[in-house]
Amino acid sequence: MFNIDQLIRDNIKALKPYSSAREEYTGKEALFLDANENPFNNPYNRYPDPLQLELKYKLANLKGIIHNQLFLGNGSDEAIDLLFRAFCEPGKDNVIIPDPTYGMYRVCADINNTEVRNVSLQEDFQIDLALIKKRINKNTKLIFLCSPNNPTSNSFDRQKMIELINHFQTGLVVIDEAYIDFSMQKSLVEQISEFKNLVILQTMSKAWGLAGIRLGMAIADKKIISVLNKIKYPYNVNSLSQQKALEAISSASDKIYWVQQILSQRKMMEEELYKLRFVKHIYPSDANFLLIKVKNPLALYNYLVKQKIIVRDRSNVHLCEGCLRFTVGSKKENKRLIEVLFEYDEIFEID
Ligand SMILES: *Cc1c(COP(=O)(O)O)cnc(C)c1O
């Protein structure tokens, strides 16, 4: 049976967290002479709500969860880092990461001096459940699954993910749903209460169009959330970001419209890309980007740079040899990309 208390590092369990002025008195109407703030320059003179409660109530409502099942951080990257700091003893514990996937899991592991056990995805980009299970040992604390996966753009099989969550009772399964809004698959958030060892990461950086405000989320059992809250910086989400996120939620129809646009543009891009002779394969995408296998990826990459179009070179990535990754942009941006690609197609045939 899963037991969170056995998982938390001893020093974190013993930690007495910093108590900020704003946590000790939470009323709104008062003379605030407790935090050594400047009385001028309202409202920016005030420290933000350390637990972002107003925003959490709204987001929790949107997601059908309770506010204490939600952690907010300075991007999902903060949540990833805190998971290492809370649960992985440096120099001793390990985490399992599929390969290829999002690069931040390894960077955070390296910063926290935690062994990474890479498990290759299968040729079809699905997780290899048997191999993952084999790599788990008593020091394995976290297993990361990014679904839809970056850079392969596919979602992992839901049943397999659930089987892994049920199987791995000695650590946490972290499912990164950064691209879930673009996916045909349902989020696992609606099942969050069934699993004590599941952490779901989401972000406002993609579908919400708010990468600049740095707002990421972890959704999990309230015991896990309280560990993250205990070790985070007291004012980790600044007031401008909280305010902007609240505004975005109050016009959530924008997000729905943007996602529709991006999905229809993704379909258009796929159709156009198939007409190009140098395109060898377009992987089916469940995200806001396309992974495409091309002849001579570096030549194409450099040609695009010359035309001031920047895409992501993934040609050296395991299982993505020969591939570039295109983010689906606006209609105008995509039209320009396609134009340049057709030009290149002509030139490539001359060579
Ligand atoms: C873009 C992305 C994120 C978002 O990270 P933020 O820190 O919230 O901007 C998270 N996970 C994956 C896999 C991503 O590609």
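Begin by selecting Ser 147, Pro 148, Ser 155, Met 161, Ile 175, Glu 177, Ile 180, Gln 185, Lys 186 and Leu 188, which line the largest cavity (a cavity being a set of points, on a 1 Å grid over the protein atoms alone, where a 1.4 Å probe fits but cannot get out, with lining residues having an atom within 4 Å of a point). This is a predicted model, in which local features need pLDDT of at least 70 and side-chain atom pairs count only at pLDDT 80 or more, while totals for chains, interfaces and linings use all residues. Residues are numbered from 1 along each chain as its sequence is written, and side-chain values use heavy atoms, with hydrogens and water left out.

The volume of the largest cavity is about 40 Å³, taken as the space filled by probe spheres set on grid points that are joined across faces, edges and corners.

Next, select the ligand and the 13 residues around it, of which Ser 76, Tyr 179, Ser 205, Lys 206 and Arg 214 come nearest (a residue is near if one of its heavy atoms lies within 4 Å). By class, this shell holds four nonpolar, five polar and four charged residues.

Finally, show the polar contacts, pairs of N or O atoms within 3.5 Å. A polar side-chain atom of Ser 76 lies 2.6 Å from a ligand oxygen atom, while a side-chain N or O atom of Thr 203 is 2.7 Å from an oxygen atom of the ligand.

Methods. A polar contact is a pair of N or O atoms within 3.5 Å; within protein, one must be able to donate a hydrogen and the other to accept it, and residues adjacent in sequence count only if both atoms are side-chain atoms. Ala, Val, Leu, Ile, Met, Phe, Trp, Tyr, Cys and Pro count as nonpolar, Asp, Glu, Lys and Arg as charged, and the others, Gly among them, as polar. On a 1 Å grid over the protein atoms alone, a cavity is a set of points where a 1.4 Å probe fits but cannot get out, and a pocket is an open set with protein on both sides within 12 Å along at least five of seven lines; lining residues have an atom within 4 Å of a point.
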